[in-house]
Amino acid sequence: MRVTTLSEFIVERQHDFPFASGDLTRLLSSIQLAAKIVNREINRAGLATHILGGLGQENVQGEQQMKLDVYANDQFIHALRSQQEVCGIGSEENEGFLGQKEGLPASGKYIVLMDPLDGSSNIDVNVSIGTIFSIYHRVSPVGTPVTLEDFLQPGSRQIAAGYVVYGSSTMLIYTTGKGVNGFTFDPAIGSFFLSHPNLRFPTQGKIYSINEGNAMQCEPGLLAYLNHVKQEDAAQGRPYAARYIGSLVADFHRNLLKGGIYLYPATTKAPKGKLRLLYEANPLAFIAEQAGGLCTNGRERIMDLTPTALHQRVPLFVGEKNMVEECQQFVGK
């Protein structure tokens with residue numbers, strides 16, 4: 001049986017983007033390369049103690065930075081900077097965006113937004129973590145310096161998005177608006193191979209994922225929903241199973257394969273939500289919808305939101321379509 005590598009698959013699917021002239025192919029290949037490098041360091045983390053632990057400083061989000069956070073950020077920026085197609089990079093780890101003065105060409109056509117290492121608090125305890133990325137066409141004229149407007153685009157304008165989950169096996173999942181495909185990394189060969197073609201959420205999942213330790217800080221509608229999913233209903237397959245890893249990519253990935261809903265609602269401590277619209281919510285929303293799912297902030301479609309800041313936060317409800325719609329009915333009340 002013939003197996004298809006990620007590189008081969010990207011080239012074969014170039015016809016999906018006749019306007020790209022190979023640019024997008026090279027860009028996705030650079031993301032693949034950075035993911036391999038980061039994967040290598042993550043797999044060595046238990047032995048290479050110099051990359052374990054925190055730096056003793058906070059990032060722009062006010063979160064404790066881990067050594068691997070910075071390492072992953074540097075590797076992805078380096079890989080993207082080498083591509084003349086990229087004119088701007090936005091990262092969860094950087095306060096501002098990177099443009100021409102940071103070595104990116106004004107002639108580039110693409111903007112990349114990323115969370116280089118999601119779930120970094122789990123690094124030291126050997127729990128799955130990941131990378132999330134999102135790609136847009138710039139809106140400013142090619143040849144001019146990028147502007148904030150290039151980054152503050154609604155998720156509906158994404159031309160590609162994906163994530164890498166570093167776990168018992170390392171997988172890269174991405175979409176270009178033509179379905180979702182998953183690739184598993186073979187470390188012996190050093191390549192990603194197509195292992196999960198045309199991924200779709202299983203209909204009517206039975207898993208819900210939320211940090212219930214914060215439940216009493218949530219609005220009453222969500223508390224009612226959490227009570228609802230624990231009630232017995234054979235026809236609907238309730239009670240649902242509670243599964244929460246604490247790494248967004250890992251929780252999303254499991255629910256995509258098994259069928260479920262992930263919830264990170266607004267709370268009294270974080271009334272605007274906690275997850276980042278540009279670096280986490282939009283790319284996962286694009287993937288979810290391409291896989292037959294749904295992604296909202298509890299009331300509105302995530303990809304319809306117009307960003308107002310690079311590090312804007314939002315509540316997130318994402319997963320199997322029926323489950324998200326049911327949750328919204330409770331939250332809307």
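I take buried as under 20% relative accessible area, exposed as over 50%, and partly exposed as in between (1.4 Å probe, protein chains only). The model is predicted: local features need pLDDT of at least 70, side-chain atom pairs count only at pLDDT 80 or more, and totals for chains, interfaces and linings use all residues. Residues are numbered from 1 along each chain as its sequence is written, and side-chain values use heavy atoms, with hydrogens and water left out.

**Aromatic pairs.** I paired rings of Phe, Tyr and Trp (its six-membered ring) with centres within 6.5 Å; planes under 30 degrees apart are stacked, over 60 edge-to-face, the rest tilted. I counted 9 aromatic pairs. Phe 97 and Phe 151 are stacked, at 4.6 Å centre to centre and 25° between the planes. Phe 97 is partly exposed at 26%. Phe 151 is buried at 0%. I then looked at Tyr 244 and Tyr 262, also a stacked pair, with 6.5 Å between centres and 20° between planes. Tyr 244 is partly exposed at 34% relative accessibility, while Tyr 262 is buried at 2%.

**Phe 9.** I found Phe 9 buried, at 7% relative accessibility. Phe 9, Tyr 174 and Phe 183 form one aromatic cluster. I checked contacts (heavy atoms within 4.5 Å). Beyond its neighbours within four places in sequence, Phe 9 touches residues including Asn 181 and Leu 194.

**Cysteines.** I searched the whole structure for disulfides (cysteine sulfur atoms within 2.5 Å). I found 0. Cys 295 is buried at 0%.
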